[in-house]
Amino acid sequence: MLATPTLALLSMLTPFLGMVISPILGVISPRARTWSAVAFGFLTAIFVSMLVGRIGKGVPTYEWIPMEKISIGVHLDALGVYIAFIAGTIGALVLLYSVKYMEHAAEEGYSLSRYYSLVLLFIGSMIGLALTGNLLVLYIFWELVGFCSYALIAYYYKEPKAVWAGTKAFIVTRIGDIGLLIGVIVLWRATGTLTITEIIETAKAGEIPATTLAIAGAGFILGAIGKSAQMPLHVWLPDAMEAPTTISALIHAATMVNAGIYLIARSYPIFTATPVMGWWVLAVVWIGAITALFTAILALVEVDIKRVLAYSTISQLGYMLSAIGFGAILASQFHLMSHAIFKALLFLCAGAVIHRLGTRNMYEIAGRASAMRITHATFFIGTLALMGIPILNGFWSKDMILEEALHKGFYGPFAVLALAAVMTALYSCRMYWLVFRGEPGDVREAPWQMTTPLVILGFFSVVSWLSIGGYARIMAGSMPLYHIHEKSLRSLVVDTVTSPAISVTIIVLLIAFYALLAYRERFFSLMVEETPHVSLARRGYRFDDLYGRLTEGFKGVCTLSRRLQTGDANLNMLGVLIGFWLWLILLFILNLGGASG
Amino acid sequence: MTPYTLTLAVVLIVFSIGFYCLISKTNLIRIVIGIEVMAKAVTLNFVYVANHIGDTALGQAMVITIILIEVIVAAVALSLVVGSYRHTGSLTIEALRRLRG
């Protein structure tokens with residue numbers, strides 16, 4: 001048996017090691033590179049799974065910058081380890097799936113070494129982000145995750161659209177990153193520490209000034225909505241669908257977007273320790289609820305299967321965000337796990353369909369994919385889980401969120417979220433019908449490297465909710481600062497069945513199904529007609545235009561300031577050195593002032 | 001005039017020579033030489049300041065490290081010059097004004 005510190009270190013470092021080693025093996029043979037990357041992925045998954053048994057065990061911290069009390073350490077509580085577990089396991093399955101799916105990229109002249117090492121870096125950064133207990137280290141990994149998503153979205157760099165989407169993702173999430181950085185810095189100035197547990201304790205003692213909390217709270221929300229693609233910064237995620245489908249699965253299920261939810265859950269006790277931050281909770285709840293409904297509507301009118309899934313992810317993340325606002329961290333994390341499983345499944349199924357049929361337009365697929373038996377069956381399971389049909393994992397976790405909303409008295413958000421559930425059912429049915437209901441086309445099933453992850457994920461979509469007892473017990477045991485109540489499997493079932501939330505959701509689902517069955521053809525054709533509302537929704541309610549206009553304005557400013565750049569290297573050099581001297585003189589004067597005062 | 005002021009003057013003069021070279025020359029090789037001269041002035045300053053504060057060993061350790069780094073900087077800079085020469089067919093810095101492609 002490995003000691004806990006070694007295990008924690010191994011699970012953090014294995015992906016980074018793989019990132020270096022697999023391209024080196026690529027020099028010998030492409031096969032060695034690919035399969036070594038997969039092996040490193042699975043090794044990481046094994047280490048992270050073993051880590052789940054060590055939650056709550058102490059791990060020594062190492063001092064990094066002793067003067068400022070900044071230490072690197074692993075904080076093994078349930079919140080972080082579960083996220084790392086999801087990232088590691090789903091990452092491994094995605095790597096296995098990539099073996100076949102990415103084969104065509106090498107023929108088109110894209111480097112697979114770049115692909116595999118970036119994916120491993122992506123997984124490693126997410127695990128690092130989840131396992132650290134220090135805000136500065138968290139921020140560094142946060143940026144690494146952002147960089148990897150940029151590099152992987154723009155993986156097909158010969159296509160201008162992909163490059164554009166990658167740049168867009170990077171710039172939009174960067175707005176959030178700045179918010180997070182400001183939040184981290186003000187918290188550090190106020191408390192003198194960057195360790196999250198110590199900050200929470202300081203906050204509970206009421207020693208953080210209200211203004212600091214307000215700035216940090218706003219900054220953390222901004223960071224989370226950038227990373228988790230909540231409104232109004234949701235615009236990058238649908239465009240990120242230019243990435244290879246495996247990367248979409250990774251971003252949506254395992255790595256990128258969960259980081260924002262994790263951040264809010266992690267910092268929840270800091271901002272709720274004192275009653276002055278009531279607005280923070282309301283902001284989190286309403287951003288989540290409105291995003292859930294709004295993007296579900298957008299998903300209804302999309303014709304591209306991957307963009308439907310992208311909007312659906314944003315919508316589900318909205319549920320998780322509002323659940324944290326309700327104070328239901330357990331429910332939000334449980335939904336995060338369910339969502340990670342079924343969304344990875346849906347994306348990988350979509351990838352298999354795209355792989356065989358070569359189109360992403362659902363009206364072009366038109367049911368031909370139904371010839372792919374395994375993909376069809378697993379996609380069906382994933383769709384049911386997404387809709388929240390009983391006994392699949394999505395049902396239990398989504399219902400837990402709605403139940404908490406009622407329980408805590410958030411009736412407004414509850415209504416919005418219930419309506420979003422109807423929209424979810426509608427767009428899921430539409431997507432399933434368009435892709436898998438129709439004349440089977442002349443297509444073969446995907447190869448085993450692709451179907452194995454599908455079957456595994458499909459299986460867990462059905463059974464993952466059974467783990468709630470242990471899940472809640474470990475979470476309650478390891479996170480005393482978060483006030484989490486244990487929940488057994490039995491009480492989950494009893495609570496769900498007896499709560500008023502279930503009757504509401506079932507009634508609305510029935511209405512939705514009835515409407516869909518009765519008016520299916522009309523509904524489908526309505527969603528592609530160019531009525532003003534549909535075309536407005538298809539343009540994402542013009543959020544892109546708004547941001548486009550802002551960038552145009554900024555470009556105008558840049559055109560003016562460009563005149564400062566002469567292009568003469570000698571002159572520029574003179575400017576650099578004069579600037580440097582002025583800076584030195586300024587520092588000198590400031591230091592003199594400090595010394596005398 | 002104490003020895004330290006004298007050496008400081010030497011350092012300043014050497015630095016200024018390098019700086020003048022940097023801002024007035026258009027030949028890339030000369031610019032690299034200018035950078036190197038400036039760096040040498042700084043290295044010299046390290047030697048004298050360490051001596052001045054009475055910790056010669058520290059100064060020597062620093063200077064040897066700096067020389068090592070200097071070598072790397074020079075190698076990288078010269079390789080950039082070679083690359084730029086292959087790319088543009090000329091050694092003038094004007095040729096680098098167009099960064100595109």
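Thr424(A) sits in helix 19 of chain A, which covers residues 411–436; helices here (H or I, at least four residues) and strands (E, at least two) are DSSP runs, numbered from the N terminus. This is a predicted model, where local features need pLDDT of at least 70, side-chain atom pairs count only at pLDDT 80 or more, and totals for chains, interfaces and linings use all residues. Residues are numbered from 1 along each chain as its sequence is written, chains are lettered from A and ligands numbered from 1 in the order in which they are written, and side-chain values use heavy atoms, with hydrogens and water left out.

Back to Thr424(A): is this residue buried or exposed? Thr424(A) counts as buried, because its relative accessibility is 0%. (Buried means under 20% relative accessible area, exposed over 50%, and partly exposed in between, with a 1.4 Å probe and protein chains only.) Who are the contacts of Thr424(A), once neighbours within four places in sequence are left aside? They are Ala296(A), Ser315(A), Gln316(A), Tyr319(A), Leu386(A), Met387(A) and Lys398(A), where contact means heavy atoms within 4.5 Å. Take Ser315(A) from that list: it is 109 residues from Thr424(A) along the chain, yet their C-alpha atoms are separated by 8.3 Å.

Another threonine to look up is Thr383(A), placed in helix 17 (residues 373–387) of chain A. Thr383(A) is buried too, with a relative accessible area of 1%. Not counting residues up to four places away in sequence, Thr383(A) touches Leu346(A), Ser428(A) and Tyr432(A).

Now for a loop in chain A. Ala229(A) lies between helix 9 and helix 10, and has a positive phi of about 55° although it is not a glycine. Ala229(A) is buried, at 0% relative accessible area. Pro232(A) is found in the loop between helix 9 (210–227) and helix 10 (236–239), and a cis peptide bond joins Pro232(A) to Met231(A), with omega about 0°.

What about the core? A nonpolar core is a set of buried Ala, Val, Leu, Ile, Met, Phe, Trp, Tyr and Cys residues joined through side-chain atoms within 4.5 Å. In soluble globular proteins, nonpolar side chains tend to be buried together. The largest nonpolar core here has 214 residues, and the members that touch the most others are Tyr115(A), Leu131(A), Trp236(A), Ile251(A), Trp280(A) and Met475(A). Helix 15 of chain A (residues 329–357) gives the most to this core, with 20 residues. A second, separate core has 13 residues, including Leu577(A), Ile31(B), Ala41(B) and Ala77(B). As for Leu131(A), its contacts beyond four places in sequence include Ser11(A), Met12(A), Leu51(A), His75(A) and Val81(A).

Over in chain B, Ser84(B) has its place in helix 3 (residues 56–88). Ser84(B) is buried, with a relative accessible area of 10%. Leaving aside neighbours within four places in sequence, Ser84(B) is in contact with Leu28(B), Gly89(B), Ser90(B) and Leu96(B).

Time to look at whole chains. Chain A comes to 27 helices and two strands. Its radius of gyration is 24 Å, close to the 25 Å that the globule rule gives for 597 residues, so chain A is as compact as a globular protein of that length. (The radius is taken over C-alpha atoms, and the rule is 2.2 Å times the number of residues to the power 0.38.) Chain B comes to three helices and zero strands. Its radius of gyration is 17 Å, well over the 13 Å that the rule gives for 101 residues, so chain B is more spread out than a compact globule.

| Chain | Rough box of C-alpha atoms |
|---|---|
| Chain A | 85 × 60 × 60 Å |
| Chain B | 50 × 25 × 15 Å |

Buried residues make up 57% of the 597 residues in chain A, and 25% of the 101 residues in chain B. Among contacts with a separation of 6 or more, residues 24 or more positions apart account for 81% in chain A and 58% in chain B.
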